[in-house]
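The sequence and the structure are shown below.

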Amino acid sequence: MHHLGNIFLYNNNNINKALYHQDLEERGYFLFDTDNLHKFTLYHKEITPNVLLFDFERNTPIDFIASLERKFERSTIPLVVVSEAPNALIYHPAISHYLTHDEAKRSLLGILESYCTGNKKHQILYINLKPYERSDFSKSVKLAGYTMFEVHNINSAKAYMAKNTPSIICINFEPALSKSQKIFAHPKTFYVENTQNVKEVEQFLQ
């Protein structure tokens with residue numbers, strides 16, 4: 001079996017045990033799963049993970065989630081948070097993806113594959129730096145049937161672009177647009193608002 005990548009999981013929740021241990025390990029990922037933060041930090045320093053994953057049970061205090069986010073805010077490794085807490089309450093610019101437990105069942109494997117093995121060829125890379133806003137743009141992309149990888153910071157977008165080639169890049173924070181254009185040198189990079197519809201950039205997907 002091929003080794004696909006290293007996933008480090010801080011997990012104080014039993015809901016998705018099957019997803020992590022069956023789906024990930026059977027596919028060839030190395031999974032380090034612990035609810036001991038000290039162990040998690042030590043192993044993170046010894047073995048370089050491709051993704052840091054945090055799964056919080058429903059009753060985990062918001063303050064604890066926020067403190068853990070701050071602890072890893074200098075990391076350049078993509079950080080995925082699985083929680084039922086509203087994004088606006090646990091928002092931190094270091095977080096790459098926010099998923100509910102139901103969303104994790106549907107999309108986590110695709111996210112990990114994008115970072116670890118790549119070659120996903122999504123039509124749109126959406127760098128959504130305002131995940132606390134309602135995203136009509138994301139909904140319109142899905143309704144139109146386009147494939148999209150949505151990420152919430154530039155560092156994780158860089159990790160994605162190292163292994164994938166989207167047709168276009170959309171970013172919803174204008175001050176970061178010129179920075180992303182320089183970093184990615186992608187000929188089709190556009191500014192969009194969360195309130196926009198994909199039809200406004202659809203012509204560039206042809």
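## Basis of the description

Two strands are said to pair if DSSP finds at least two bridges between them. Helices (H or I, at least four residues) and strands (E, at least two) are DSSP runs, numbered from the N terminus.

The model is predicted, so local features need pLDDT of at least 70 and side-chain atom pairs count only at pLDDT 80 or more, while totals for chains, interfaces and linings use all residues. Residues are numbered from 1 along each chain as its sequence is written, and side-chain values use heavy atoms, with hydrogens and water left out.

## The four-stranded sheet

An open sheet of 4 strands has the order β7-β6-β8-β9, with parallel pairing. Its edges are β7 and β9 (189-191), each of which pairs on one side only. From one strand to the next, the twist averages 20 degrees; axes are lines fitted to C-alpha atoms, for helices over the stretch in contact, and angles run from 0 to 180 degrees between N-to-C directions.

The parallel strands β6 and β7 are joined by 4 bridges, and M148 in β7 is the bridge partner of I124. Helix α6 (residues 136-144) packs on this sheet and touches β6, β7 and β8, where contact means heavy atoms within 4.5 Å. The direction of α6 makes about 160 degrees with that of β7.

## Helix α7

Within helix α7 (residues 154-161), the buried residues are I154, S156, A157, Y160 and M161. Buried denotes under 20% relative accessible area, exposed over 50%, and partly exposed in between (1.4 Å probe, protein chains only).

The elements covering them include α5 (101-116), β6 (124-127), β7 (148-151), β8 (168-171) and α8 (177-184). At the N-terminal end, α7 is capped by N153, which has a side-chain oxygen 3.5 Å from the backbone nitrogen of N155.

## The five-stranded sheet

A further open sheet consists of 5 strands in the order β2-β1-β3-β4-β5, and the pairing is parallel. The edge strands, β2 (29-34) and β5 (97-99), each pair on one side only. The twist here averages 20 degrees from one strand to the next.

Strand β4 (residues 79-82) pairs with β5 in the parallel sense over 3 bridges, with V82 opposite L99 in β5. Helix α5 lies across β1 (5-11), β2, β3 (51-55), β4 and β5, and runs at about 155 degrees to β5.

Technical notes:
Polar contact = N/O pair within 3.5 Å; in protein donor to acceptor, adjacent residues only side chain to side chain.
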